[in-house]
Amino acid sequence: TLGTLGVFYYYAQKDKSPGEQLPHDPSKKTLVVLGSGWGATSLLNSMDTTDYNVIVISPKNYFLFTPLLPSVAVGTLSPRSILQPTRYVTRHKKRQVAVIEASATSVDPIAKTVKFEDTSEIQGLVSTTTVNYDYLVFAVGAEVQTFNIPGVKENACFMKELEDAEHMQRRFLDCLETAAFPGQTPDEISRLLHMVVVGGGPTGVEVSGELHDFLEEDLRSWYPELASNVRITLVEALPSVLPMFSKQLIDYTESTFKEAKIDILTKTMVKEIKEKSVVLQMPDKSVVEVPCGLVVWAAGNKLRKVTQDLMAKFPQAQTNRRGITVDDHLRMVGVPDKSIFAIGDCTATSYAPTAQVASQEGAYLARIIAQLAKRDELAARLKALQETPAVEETKQEIESVQKQITKAEKMRPFHYSHQGSLAYIGSDKAIADLPFFNGNLATGGVATYLFWRSAYLSTLFSPRNRVLVANDWIKVKLFGR
Ligand code: NAD
């Protein structure tokens, strides 16, 4: 044990003090990365920054492990455990990477500039500025889709950013404490303890599952007088939840929810969210108003304005309303000098907009960008050779460099390799759609629970996050939330 601890301590110390980094070099090209989510972080993790001056611009100076966000919302995990500062990755790079906490507001693909503004609450002197790029990686993700349904923004909690999970946690605990306040009427208690989750995609299902666990594992002992009044309702407009999973897994989820007493209302549309109720259009088109204390909005995502504006600059080539169209090498279609790459949820590809896709795209792009640096270096050498007097050796060298350029320009297209989908459905059960099982695997109990946990632990980017998350899980098992 002491030996293991020693090795662990050694690596932790090494990790804390990385070696000297090369400064930015004016002779190198500038690569601007917009975003710090799955795509951008995977790119930064994999890329060699020696060849470029890299600038990362993102409103958050950290990467958020979104699959575990619902666990933060119910207090199983602490917020710090699932975030990884972007500088944690960049400080280990060979050449310095500039990380700027700001929101990109527009891209000028002709002048090759990005305009961005300060997002911090403390306003400095400079609040808006512009940076030039040679290559741009557009990885800004998406934002919550509200479909302009009245009251969503004002009265519902989202489940996209860290603040959303913290907001939901506060709101949920407020509902409990207010329900416990002496003298509350039974109707008011019943309203406050009715939690409505809108959207039967993976996010909505996981939030419902986590809420149920919190209720079963902790609330029953902390608020025994209230626990039997807590109700969870999942509302989905389509005929079933989790349409991306197989029928067998959908049935499994539905029966697990039934046992857990989570009501699923399918073919039901949320039409409005009021302060103390949701207005539902039922399958028979009748409209009912249901009192509730908390509404979690997990009804999908849409493009950000900065993405829509960029697409509008190429009206002929960018016609897909779902997102940016890219070619086989993830370059934005229509950009004359092919200097913009787009990855992740801001793109429209044949793959679902998932973390797994974005992260594979980021890793692929790291290779493409390295290849481009090589090509650009060879092109510069060719230019210099062509400008020197043409002796026989120079001609031979020109030929050889030209061959190398042709080779460097041959880039393998992006290929997504699906490793499976996993969703936690509460009650220590997870569903898994794993390609290597040649079909679907639906299991519950200890095995899946451990599988889900180990899969998430191994995907967490840094050892720091693995330790923090594992520690939180153990803490909850021993002492509760
Ligand atoms: P989603 O788009 O997959 O699901 C949203 C659901 O909300 C849809 O089924 C839609 O029909 C429903 N909806 C929309 N408006 C509604 C309304 N007014 N009333 C009732 N229902 C309404 O969104 P998501 O779950 O956030 O997932 C987004 C993406 O992220 C997906 O690609 C998903 O696969 C991925 N994801 C995967 C996992 C996982 O694999 N564990 C977890 C989270 C997200």
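W38, G39, A40, T41, S42, L43 and S46 of helix α2 touch A355, A358, S359, E361, G362, A363, L365 and A366 of helix α12, where contact means C-beta atoms, placed from the backbone, within 7 Å. The model is predicted: local features need pLDDT of at least 70 and side-chain atom pairs count only at pLDDT 80 or more, while totals for chains, interfaces and linings use all residues. Residue numbers start from 1 along each chain as its sequence is written.

**Packing of α2 and α12**
- By class, this contact has eight nonpolar, six polar and one charged residues; Ala, Val, Leu, Ile, Met, Phe, Trp, Tyr, Cys and Pro count as nonpolar, Asp, Glu, Lys and Arg as charged, and the others, Gly among them, as polar.
- Helix α2 covers residues 38–46 and helix α12 residues 355–387; their axes are 7 Å apart, at an angle of about 35°.
- Axes are lines fitted to C-alpha atoms, for helices over the stretch in contact, and angles run from 0 to 180 degrees between N-to-C directions.
- The α2 and α12 crossing is right-handed, meaning that the near helix is turned clockwise from the far one by less than a right angle.

**Overall form**
- The protein has 15 helices and 22 strands, taken as DSSP runs (helices H or I, at least four residues; strands E, at least two) numbered from the N terminus.
- Its radius of gyration is 25 Å, close to the 23 Å that the globule rule gives for 481 residues, so the protein is as compact as a globular protein of that length.
- That radius is taken over C-alpha atoms, and the rule is 2.2 Å times the number of residues to the power 0.38.
- Along the principal axes, the C-alpha atoms fill a box of roughly 95 × 60 × 55 Å.

**Domains**
- Domain 1 comprises 20–142 + 303–408 and domain 2 comprises 152–301 + 418–479, with bounds from an automatic or database domain assignment.
- The C-alpha centres of the two domains lie 34 Å apart.
- Their contact takes 28 residues from domain 1 and 23 residues from domain 2.
- On the domain 1 side, α2, β3 (62–64), α3 (69–73) and β4 (83–85) each supply at least two residues, and α3 gives the most, with five.
- That side of domain 1 divides into 17 nonpolar, nine polar and two charged residues.

**Ligand shell**
- G199, G201, P202, T203 and G300 come nearest among the 26 residues around the ligand, a residue being near if its C-beta atom, placed from the backbone, lies within 6 Å.
- The shell draws at least three residues from each of domain 1 and domain 2.
- α8 (202–222), β14 (269–273) and β20 (421–426) each supply at least two shell residues.
- By class, the shell has 16 nonpolar, nine polar and one charged residues.

Terms used:
Two residues are in contact if their C-beta atoms, placed from the backbone, lie within 7 Å.
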